Every structure is written in C-alpha cells, then in structure tokens.
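Hello,

Here is the model I promised to pass on. Please open it alongside this message; my notes follow below.

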Amino acid sequence: MGWIVPIANLFMPHQVVQDLNRRTLPGDGRGWSPLVLGWWITFVVMLLLDRTSLLTARRIENAGTRDALLSALRTSVLVELVYCAVLVLAAGLAIGVVETITRRVRAVGPATDPPEMRHPVGPTA
C-alpha cells in the first residue's frame, strides 16, 4: 500500500525493505544497512526529480518567447539527464539489495516455519 499512497510512498518502501533486511541478518537482526539506505535515498531523489521534470515540461509549454523556450528546454534536458543518472544508480542499488537479501535467505536453507504456518502450493485434497 505504501508504494502508491501519497507521502507513505516516500517511507513505506524503505521500512518494508529494511525490515526484510533485518529479518535476514544473522544473530539478533539489529542494525541497518547502508545499501538499503542508499537505495532509499536515490529512490526518493528519483521521485522528486520526476516531479521536477513535469514542472519543467510545463515551463516549455508556457514559454512565450524564444529565449524563454530555450531556457526551459535547457533546464528540462538537464533535469532529465540527472533523473536518468539517479534512476540507473537506484536500479543498481536495488539489484544489490535484492541480491544481498536473497543470498542470506538461501544460506539459511528451507523455511523453518511450523507446519500450520506453511501455505500449500497448488490445490489441496
């Protein structure tokens, strides 16, 4: 739900991923991950740059003079370039987070949930 709800979409993804990260840590599961924090920061910056991009597009549409149009186009191209760079960085960090958590889960082995907590796969008889 936090991925689509305004304001919550800035914090819930981080909380979910950080919680999953903590649950896969060996020992007591305390601590935080700089990798998760880096991903979250780039994710939020990416969202902010996306909104900025929309605003610069409106400036292009509303430019009254040639100079205003050129200025708006330059700003728009710069914002899009920075957005793309942050997008690539966020994607790389997300891949790192997923690989780290997956490696930890695989190292633990099969699920150790009690039988009543396990969900059957496929139809049950």
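Among contacts in the protein with a separation of 6 or more, 62% join residues 24 or more positions apart. Bear in mind that this is a predicted model.

The fold is helical. There are three helices and zero strands, in the order α-α-α from the N terminus. Of the 125 residues, 24% are buried. The accessible surface is about 9,300 Å². Carbon and sulfur atoms hold 67% of that area.

Now the core. The largest nonpolar core has 14 residues. Val17, Trp39, Phe43, Met46 and Val97 have the most contacts inside it. Helices H2 (34-61) and H3 (66-108) are the elements that each give two or more residues to this core. H2 gives the most, with seven residues.

Look at Val97 in particular. Beyond its neighbours within four places in sequence, Val97 is in contact with Val17, Leu35, Val36 and Trp39.

Next, H3 itself. Does its length fit, or what span should its 43 residues have? At 1.5 Å a residue they should span 63 Å, and the end C-alpha atoms are 63 Å apart, so the two agree.

The buried residues of H3 include Ala72, Ser76, Val79, Tyr83, Val86 and Ala90. Further along the list come Leu93, Gly96, Val97, Thr100 and Ile101. An α-helix has 3.6 residues a turn, so residues three or four places apart point the same way. The buried residues of H3 pack against helix H1 (8-24) and H2.

After H3 comes Gly109, with a positive phi near 100°.

Best wishes

Key
Residues numbered from 1 in each chain as written. Predicted model: local features only at pLDDT ≥ 70, side-chain atom pairs only at ≥ 80, totals over all residues. Heavy atoms only, no water. Core = buried A, V, L, I, M, F, W, Y, C linked by side-chain atoms within 4.5 Å. Buried < 20%, exposed > 50% of the residue type's maximum accessible area, 1.4 Å probe, protein only. Helix = DSSP H or I, 4+ residues; strand = E, 2+ residues; numbered from the N terminus. Contact = heavy atoms within 4.5 Å. Areas by Shrake-Rupley, 256 points an atom, 1.4 Å probe, with all protein chains shown as cover. Expected span 1.5 Å × (residues − 1).
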